Amino acid sequence: EPHDGVLASFVLGGVDIKDARFTWSDATTDQKITISKINAATGELTFGDPIDFNASLTVVANKPALDGDVSLTGTVFYNLDDERYQVNPLAFKALLRGKHLPDGSATIEAGAEIDVNLADEIARITGLKLSGLGTTVEGELTATDIEDDIPSAKGFLNVDGKDLALIFNAFELPVGKQLAGISKRAFNFAAAFDANMETGEATLSKFEGNMLGARLSGSFNATKTNTDKPIAKGNLNASGPDLLTLLAVLGQIQGADAETLKSLNQALRSAKDKSFAIGADLDADLGKGLASLPKLNLTLLGNTITGEVFATHADSDKPAVKGSLKASGPDLPSMIAVAAQFQTDGKALTDMAKSLAKEKTKRFKLEANFDIDLKAGRISLPQLSADLIGLEIRGNMTGEDVDFEDGDGTLDGRLKVDGKNLGPLLRSVGQADLAKSVRSMKIDAGVKGSLSDLILSPLTLTTTVAGAGVKKPVELKVAAGSARANLDKETL
């Protein structure tokens with residue numbers, strides 16, 4: 001509407017989407033999700049005036065068997081001259097329906113206020129709240145220098161839930177049934193952080209949580225994070241009564257399939273002690289090339305691991321590392337199953353743990369000391385001792401002028417392996433037929449040469465084999481003054 005030659009207002013019809021629909025299906029899992037009744041509207045758009053918007057849709061899924069109505073509403077305020085944009089309020093609501101929900105339905109609501117100031121390069125999310133399925137989430141986030149490659153940020157997040165099983169059951173996840181038999185299903189988590197990339201200071205001032213009776217706490221402080229030579233210190237502590245269920249929950253969150261979770265449960269359910277405790281410290285100053293793990297104490301399912309690692313030249317591609325590691329306990333299969341959880345594809349380890357869990361001998365012991373300087377090419381392994389899976393392994397190794405890339409240098413060491421019962425090991429790697437014939441094996445070898453051209457001198461190999469119809473096992477023994485393995489030429 002013109003007035004005195006000036007454009008007083010400019011009006012557009014706005015956005016109006018009605019009854020849109022689309023369907024997504026996955027033939028491999030027979031999952032089908034239909035989103036219908038998609039509506040979105042803003043009303044008329046008048047330049048300079050706040051913009052009200054609302055959107056809604058209906059979703060129906062067969063896996064998990066859920067349907068629901070979802071809505072999002074809010075008001076946008078903007079000032080183009082000041083480059084400031086605000087959404088206040090922003091509200092989300094979902095009404096879910098499904099047979100696994102309490103009383104057949106559940107409501108999830110969330111809200112927040114958003115304030116973006118491009119002129120000052122500041123963005124804030126305040127009043128963040130979410131509630132539903134017996135869980136509440138609250139938090140805030142402030143980011144500064146938002147147009148930089150790595151902006152600064154600080155904020156907090158608090159999560160408080162009454163029943164972890166309720167969440168997994170709502171989406172028909174298998175671990176929900178496992179959680180139903182646990183009395184302590186409440187959980188909470190709290191974190192507060194401040195990372196100032198201008199000064200290079202970063203702090204995780206609060207990091208604590210409780211889940212399934214387990215407690216987690218830690219802290220982290222760093223300076224010079226805006227350089228390639230940061231200084232950092234931190235610690236992590238965790239303990240709880242039921243590692244098996246906790247790993248099942250973490251595996252489900254990571255997207256592990258039902259078969260993997262089943263194998264994990266089979267490998268760990270025989271463990272008499274299901275508790276765990278973890279304590280670790282970190283101290284690093286890359287400006288001085290120093291990094292250390294001065295404390296590593298793990299107690300997992302009755303097994304213990306202790307160690308320490310100290311590194312110099314840690315800011316280079318050829319550091320020097322010195323330390324020790326000790327591990328022992330009554331249940332090696334459970335440790336292998338735990339390790340599988342931290343692999344991208346841990347199926348092979350999970351299957352191995354499942355097989356070993358059926359064996360009578362599960363106890364293990366491992367000790368190693370090491371001092372390796374990649375820049376100087378020096379290797380010192382004064383002690384390697386391992387008793388596990390029917391094997392007794394003893395060894396030591398020194399190396400001078402060793403180049404791990406070219407395989408050059410000089411090695412000098414000894415390796416002894418005594419396998420009195422190879423059945424458990426062979427069966428665990430899928431060699432059940434071979435386990436019936438190969439009963440035992442001994443290796444005694446001196447190790448010399450280089451990484452690419454090994455000389456085993458002297459070398460003694462003794463193995464006991466038996467076959468169908470053979471009443472007495474046969475011992476085969478091979479003794480050689482030396483044997484040479486050239487990895488470059490692939491010859492022996």
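Mentor: Let's start with a term: a salt bridge is a side-chain nitrogen of Lys or Arg within 4 Å of a carboxyl oxygen of Asp or Glu. This is a predicted model, where local features need pLDDT of at least 70 and side-chain atom pairs count only at pLDDT 80 or more, while totals for chains, interfaces and linings use all residues. Residues are numbered from 1 along each chain as its sequence is written, and side-chain values use heavy atoms, leaving out hydrogens and water.

Trainee: Okay, how far apart are the closest N and O atoms of Asp373 and Arg378?

Mentor: Side chains of opposite charge can pair when their charged atoms come close. Asp373 and Arg378 do form a salt bridge, and their closest N and O atoms are apart by 3.9 Å.

Trainee: Is Asp373 buried or exposed?

Mentor: Here's the scale: buried means under 20% relative accessible area, exposed over 50%, and partly exposed in between (1.4 Å probe, protein chains only). Asp373 has a relative accessible area of 12%, so Asp373 is buried.

Trainee: What about Lys420, buried or exposed?

Mentor: Lys420 forms a salt bridge with Asp418, with the closest N and O atoms 2.9 Å apart. Asp418 is buried at 16%. Lys420 has a relative accessible area of 56%, so Lys420 is exposed.

Trainee: Which residues are linked with Asp67 in a network of salt bridges?

Mentor: Look at Arg97 and Asp69: their side chains meet in a salt bridge at 3.2 Å, N to O. Arg97 is partly exposed at 28%, and Asp69 is partly exposed at 33%. In the network, Asp67 is linked with Asp69 and Arg97.
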